[in-house]
Amino acid sequence: AIVLPGLATLVLAFLDRVPNLREAVSLVTAVVLLVVVAHIYPAVAEGGRPHTEWFAVIPGLEIAFTVEPLGILFALVASSLWILTAIYSIGYMSHDPDKPRFMAYLSLFTFAMLMLITADNLIQLFFGWEGVGLASYLLIGFWYSKPSASAAAMKAFIVNRVGDFGFALGIFAVYVLFDSVQFDVIFGNAE
């Protein structure tokens, strides 16, 4: 489910000249994501904690996803907002020639948000954070020909870099204290 918005971003990037199909891809992917998240919700609500490991980046650091109660709630909110934003954007941007780019940015934002809320370790959480920052910059500066949009995007970019520095220092401090960036290890040692 997490990769659906990422795949939609790639598909939308290549469907920029196919009207109606690009909107359908965005909307159908958003609805499928919501259905999948809603399907997982009861298991998490009953105390389950679905965990999926993809692959090891280096020994001791895997790309893995864990769904917890707060994470599933945020996933429901993010996927619902993606649907609502896609529906609104289809009408609002009907005459904008750059609508496919906007839809791809919106999918990228949802993908990064899901990466952020299902991260299994601090490094993956940081990459999700960076993805949300990138997508925010792209969405804020979407109409880059307007000076106000460009200025707002640059301001968001700079504020995110300040946050990134603090986040990276925090990850380093946690690693020094716990000799791990895995959430299970950190929370197990913190008790």
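Visitor: At what angle do helix α2 and helix α4 pack, and how far apart are their axes?
Guide: This is a predicted model, and the description begins with helix α2 (residues 21-45) and helix α4 (residues 99-117). Their axes lie 10 Å apart, and the helices pack at an angle of about 20 degrees.

Visitor: Are α2 and α4 roughly parallel or roughly antiparallel, and which residues make the contact?
Guide: Angles under 35 degrees count as roughly parallel, and α2 and α4 are therefore roughly parallel to each other. The crossing of these two helices is left-handed. On the α4 side the contact is made by Lys 99, Pro 100, Met 103, Ser 107, Thr 110 and Leu 114, and on the α2 side by Arg 22, Glu 23, Ser 26 and Leu 33.

Visitor: How do the residues of the contact of α2 with α4 divide by type?
Guide: Among the residues in this contact are the charged Arg 22, Glu 23 and Lys 99. The division for the contact of α2 with α4 comes to three charged, three polar and four nonpolar.

Visitor: How do the axes of α2 and helix α3 cross, and how are the residues of that contact divided?
Guide: The axes of α2 and helix α3 (residues 69-92) come within 9 Å and cross at roughly 160 degrees. Since angles over 145 degrees count as roughly antiparallel, that makes α2 roughly antiparallel to α3. The crossing in which α2 passes α3 is left-handed, and the residues of the contact divide into one charged, four polar and 19 nonpolar.

Visitor: What is the relation between α3 and α4, roughly parallel or roughly antiparallel?
Guide: The axes of α3 and α4 cross at roughly 175 degrees and come within 10 Å. An angle over 145 degrees counts as roughly antiparallel, and the two helices are therefore roughly antiparallel.

Visitor: Which residues of α3 and α4 make their contact, and how do they divide by type?
Guide: From α3 the contact takes in Gly 71, Phe 74, Ala 75, Ala 78, Trp 82, Thr 85, Ala 86, Ser 89 and Ile 90, and from α4 it takes in Lys 99, Phe 102, Met 103, Leu 106, Ser 107, Thr 110, Met 113, Leu 114 and Ile 117. By type, the residues of the contact of α3 with α4 divide into one charged, five polar and twelve nonpolar.

Visitor: Is Thr 29 buried or exposed, and which residues is it in contact with beyond its neighbours in sequence?
Guide: Thr 29 is found in helix α2. Its relative accessibility is 14%, and because buried means under 20%, Thr 29 counts as buried. Leaving aside neighbours within four places in sequence, Thr 29 is in contact with Leu 4, Pro 5, Ala 8, Ala 24 and Trp 82.

Visitor: What separates the C-alpha atoms of Leu 81 and Thr 110?
Guide: Leu 81 is found in helix α3, and at 47% relative accessibility it counts as partly exposed. Leu 81 and Thr 110 are 29 residues apart along the chain, and their C-alpha atoms are separated by 9.1 Å.

Visitor: Which parts does the salt bridge of Asp 184 and Arg 49 tie together, and which residues are joined into one network?
Guide: The side chains of Asp 184 and Arg 49 meet in a salt bridge with an N to O distance of 3.1 Å. Asp 184 lies in helix α7 and Arg 49 in the loop between α2 and β1 (51-58), so the pair ties together parts that are 135 residues apart in sequence. Asp 184 is partly exposed at 46% relative accessible area, and Arg 49 is partly exposed at 42%. Salt bridges that share partners join into one network Arg 49, Glu 68 and Asp 184.

Visitor: Is Asp 164, which meets Arg 161 in a salt bridge, buried or exposed?
Guide: The side chains of Asp 164 and Arg 161 meet at 2.4 Å, N to O, and, being three residues apart in helix α6, these residues are separated by about one helical turn. Arg 161 counts as partly exposed at 31% relative accessibility, whereas Asp 164, at 8%, counts as buried.

Visitor: What is the phi of Asp 179?
Guide: Asp 179 is found in the loop between α6 (147-178) and α7 (183-190), and at 58% relative accessibility it counts as exposed. Most residues other than glycine have a negative phi. In Asp 179, a residue other than glycine, phi is positive, near 55 degrees.

Note on methods:
Residues numbered from 1 in each chain as written. Predicted model: local features only at pLDDT ≥ 70, side-chain atom pairs only at ≥ 80, totals over all residues. Heavy atoms only, no water. Helix = DSSP H or I, 4+ residues; strand = E, 2+ residues; numbered from the N terminus. Buried < 20%, exposed > 50% of the residue type's maximum accessible area, 1.4 Å probe, protein only. Axes fitted to C-alpha atoms, helices over the stretch in contact; angles between N-to-C directions. Parallel < 35°, antiparallel > 145°, perpendicular 65-115°, else oblique. Left-handed = near helix turned anticlockwise from the far one by under 90°. Contact = heavy atoms within 4.5 Å. Salt bridge = Lys/Arg side-chain N within 4 Å of Asp/Glu carboxyl O.
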